[in-house]
Structures are given as C-alpha cells and as structure tokens.
Amino acid sequence: MFRFMVAILLCLSGSPHGLALEWVAFGDLRGHVEPCGCDPATDLGGLRRLSNHVQVSRIKHPEALILSVGNLYSYDNPVKGDTAKDDAIGQAITAIAPHAALFNVAENAAFERGTLASSGIPWVLSNPAKTRSKLPTQAKVDLSVATILGYVFGDDAKFARKIDDTLITQWRHQVQERQRPAILLFAGPTKDLDRIARAKIFD
C-alpha cells in the first residue's frame with residue numbers, strides 16, 4: 001500500500017499546471033470485507049469503514065478525486081459457487097463510485113472467475129498486454145480536472161506489459177491531447193516507477 005501512496009503523491013506534487021488537486025485513495029482490501037484485528041481500537045479495513053470514510057471525505061472535500069489503487073478482491077478463487085465476498089466488494093465499489101480504479105492483479109483474478117463488477121466502474125489499465133484485448137478496462141480516464149492512467153506490472157500481472165519507450169511515447173501523446181494535469185495510479189517495481197518519473201509525463 002505504501003508503494004501506491006508514494007506513486008500518487010509523486011503525480012500530484014509540483015504540478016506545472018499550477019492546480020492543487022485534492023484526492024482520497026484506497027485499495028488493497030484483498031477480499032477482506034470485515035475489519036481485521038482482535039481489538040476494536042486497532043481493527044483496520046472493512047467495507048463499511050471504507051464506505052463511511054469515503055462518504056465523510058466527500059462531504060468535507062466535495063471536489064476531491066476518489067481513486068482506487070485496486071487489489072480490492074481476493075487473489076484466491078472462492079469455494080465453487082460461493083461468490084458472496086466478491087458480490088459484496090462489487091456492490092461496495094459501485095456505491096463508492098470512484099473517479100478511477102486501477103485494474104490490479106486481484107481484479108484480474110476476479111475477472112477471470114467471472115465475478116468482477118464492471119458496470120459503471122472506470123477500471124483503468126494503460127499497459128495491457130497485446131494478447132489481453134478483452135479486458136474490461138480503458139486506457140485512461142478523462143475528467144474535467146485531470147487525466148488518469150494506470151500501470152500494473154509484476155510476476156503475477158501477466159495481463160500487463162512492462163514499461164518501454166513505445167509506451168512512454170503513447171502516454172505522452174494521450175496526456176498532451178487533453179492539456180490538463182495527469183495522474184498515474186501505479187503498482188509495480190520501484191525501477192519501473194523511477195523510469196516513469198524520469199519521463200516527466202505526470203504532474
């Protein structure tokens with residue numbers, strides 16, 4: 001989770017557009033719909049707590065972007081026919097209605113088992129593998145205040161391609177078309193993040 005937050009801070013700090021964007025980011029539930037921990041004072045996570053936090057944030061900061069960095073679903077296949085957790089997560093993410101949601105490894109697992117909530121959710125993946133053209137994702141999310149892209153890569157992310165010069169050029173064109181701040185939701189190795197940062201595409 002720390003890696004995700006660093007990426008988002010990188011994207012929003014020092015914007016050459018001179019705009020200060022407020023945002024709320026969440027993710028990494030990994031299929032845990034209930035809080036985890038043995039003491040109510042230290043319990044963390046849970047769909048109800050997440051939904052309440054986002055709702056309060058929207059009231060306090062109505063202009064804030066609501067972003068998901070993914071891995072909301074479980075990586076593991078549930079018992080055959082038991083989709084209760086996936087269904088609960090899908091309903092929660094639909095109700096939260098993020099401006100953009102990173103299609104991460106756990107989302108791909110849910111997609112492959114047919115339980116990913118996709119209707120109305122802006123799943124973003126800007127580096128899909130060429131062989132995975134049927135993913136329920138979009139290359140970018142264009143908002144009035146920003147353009148949002150998403151990058152996932154790792155040993156478990158066979159559905160995505162590694163950053164290269166072609167991808168960087170493609171992203172630069174996509175961002176320049178809109179002439180607004182660009183945000184990257186990122187999950188991957190530090191060396192990939194460093195290469196992307198050097199390209200100076202994102203604010």
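What follows is a chat about a predicted protein model.

Colleague: What should I know about the model before I look at it?
Modeller: It is a predicted model, in which local features need pLDDT of at least 70 and side-chain atom pairs count only at pLDDT 80 or more, while totals for chains, interfaces and linings use all residues. Residues are numbered from 1 along each chain as its sequence is written, and side-chain values use heavy atoms, with hydrogens and water left out.

Colleague: OK, how many helices and strands are there?
Modeller: The protein has six helices and seven strands, where helices (H or I, at least four residues) and strands (E, at least two) are DSSP runs numbered from the N terminus. Along the sequence they follow the pattern α-β-α-β-α-β-α-β-β-β-α-β-α.

Colleague: And how much of the protein is buried?
Modeller: Of its 203 residues, 48% count as buried, and buried here means under 20% relative accessible area, exposed means over 50%, and partly exposed lies in between, with a 1.4 Å probe and protein chains only.

Colleague: Switching to sheets, in which order do the strands of the open one run?
Modeller: The order is β5-β6-β7, with mixed pairing, and two strands pair if DSSP finds at least two bridges between them. The edge strands are β5 (141-142) and β7 (182-187), each of which pairs on one side only.

Colleague: In what sense do β6 and β7 pair?
Modeller: Strand β6, residues 147-152, pairs with β7 in the parallel sense over six bridges, and Tyr-151 stands opposite Phe-186 in β7.

Colleague: Which strands does helix α5 touch?
Modeller: Helix α5 (residues 165-178) packs on the sheet and touches β5, β6 and β7, a contact being heavy atoms within 4.5 Å. The direction of α5 makes about 165 degrees with that of β6, where axes are lines fitted to C-alpha atoms, for helices over the stretch in contact, and angles run from 0 to 180 degrees between N-to-C directions. Helix α6 (residues 190-199) also packs on this sheet, touching β6 and β7.

Colleague: New topic, which residues of α3 are buried?
Modeller: In α3, Asp-86, Ile-89, Gly-90, Ala-92, Ile-93 and Ile-96 are buried. Seen down the helix axis, they fall within an arc of 165 degrees, so they line one face of α3; the arc is that of the directions from the helix axis to the C-beta atoms.

Colleague: What do those buried residues pack against, and what sits on the face turned away?
Modeller: The buried residues of α3 pack against β1 (23-26), α2 (47-60) and β2 (65-68), whereas the face turned away from the buried side carries the exposed residues Gln-91 and Ala-95.
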